[in-house]
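Let's take a friendly walk through this structure, one element at a time. Have your viewer ready.

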Amino acid sequence: MVWEILTVPLHRLKELFPGIRRFTAMAVTFSYHPDSPDELRVSLIKRNGTESSWGNTWERAGGTPDEGDPTIIHSATRESKEEIQTRPLRIAGKAFTCSFYHKYRETGDIVLMRTRGFIAIDHEVTRDNGETIKNENTMAQRIWSGKMQQAAGHSSVKISDEHLDHCWFTEYEVRSAALYEQDTPQGPFATLRAKRDTVLLAFELFSQSQGQKLPPSRDIVR
């Protein structure tokens with residue numbers, strides 16, 4: 001896993017990384033619960049357990065780039081909008097990336113996948129009534145209950161049909177997540193190791209971006 005500044009068009013990714021069979025992108029959004037405004041939380045969603053691989057595990061909103069996306073940054077933005085109705089307007093000046101093996105759905109082959117993540121510094125949220133609110137700082141209203149071992153509280157974003165639930169987690173809770181094991185029943189909060197590590201890296205990147213230790217943030221052009 002490495003830091004990476006990404007400036008190339010989407011169509012050149014396969015030329016630059018010929019060993020990678022699949023690319024994915026994600027935009028990572030942070031927020032604060034109104035009752036604990038000093039405790040940073042990250043937004044994660046729970047995968048559908050019957051219609052996708054790694055069922056019932058938690059992850060960031062993201063997915064495969066579309067042909068119409070100019071860059072993978074735009075892919076991350078689009079996926080965030082589609083899956084949690086949150087659109088990044090500005091991202092941190094560096095991306096982060098990790099690679100891991102994945103079963104290719106179309107052929108069943110095990111292929112190498114590379115994920116690129118971008119930290120949302122500024123964003124807008126679409127409400128159920130269609131209203132768009134820019135940079136709402138206290139979206140983290142549905143948070144993890146350690147006592148009940150489930151998400152609790154009002155859902156502040158609308159998730160797509162591809163996922164089962166939405167929740168905001170602290171860095172400590174992400175570190176404590178159970179790791180996914182194939183063909184084994186998953187606990188209430190489980191995630192893939194690589195995905196957990198990318199989220200933990202996102203916490204680090206967000207903290208650095210707040211301290212202005214990274215290159216200037218980038219505006220997202222529609």
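What follows looks at a helix, a strand pairing and a single serine.

This is a predicted model, in which local features need pLDDT of at least 70, side-chain atom pairs count only at pLDDT 80 or more, and totals for chains, interfaces and linings use all residues. Residues are numbered from 1 along each chain as its sequence is written, and side-chain values use heavy atoms, with hydrogens and water left out.

Start with helix 2, residues 72-84; helices (H or I, at least four residues) and strands (E, at least two) are DSSP runs, numbered from the N terminus. At its start, a side-chain oxygen of T71 comes to within 3.2 Å of the backbone nitrogen of I73. Just after the helix, Q85 takes a positive phi of about 55 degrees.

Next comes strand 7, residues 86-91, where five of the six residues are buried. Strand 7 pairs with strand 9 (residues 110-126) in the antiparallel sense, over five bridges; two strands pair if DSSP finds at least two bridges between them. In this pairing, T86 has V125 of strand 9 as its bridge partner.

Finally, visit S31 in strand 3, residues 30-33. S31 is buried, at 1% relative accessible area, and its side chain reaches the backbone nitrogen of A140 at 3.5 Å.

Methods:
Buried means under 20% relative accessible area, exposed over 50%, partly exposed in between (1.4 Å probe, protein chains only). The expected span of a helix is 1.5 Å times one less than its number of residues. A polar contact is a pair of N or O atoms within 3.5 Å; within protein, one must be able to donate a hydrogen and the other to accept it, and residues adjacent in sequence count only if both atoms are side-chain atoms.
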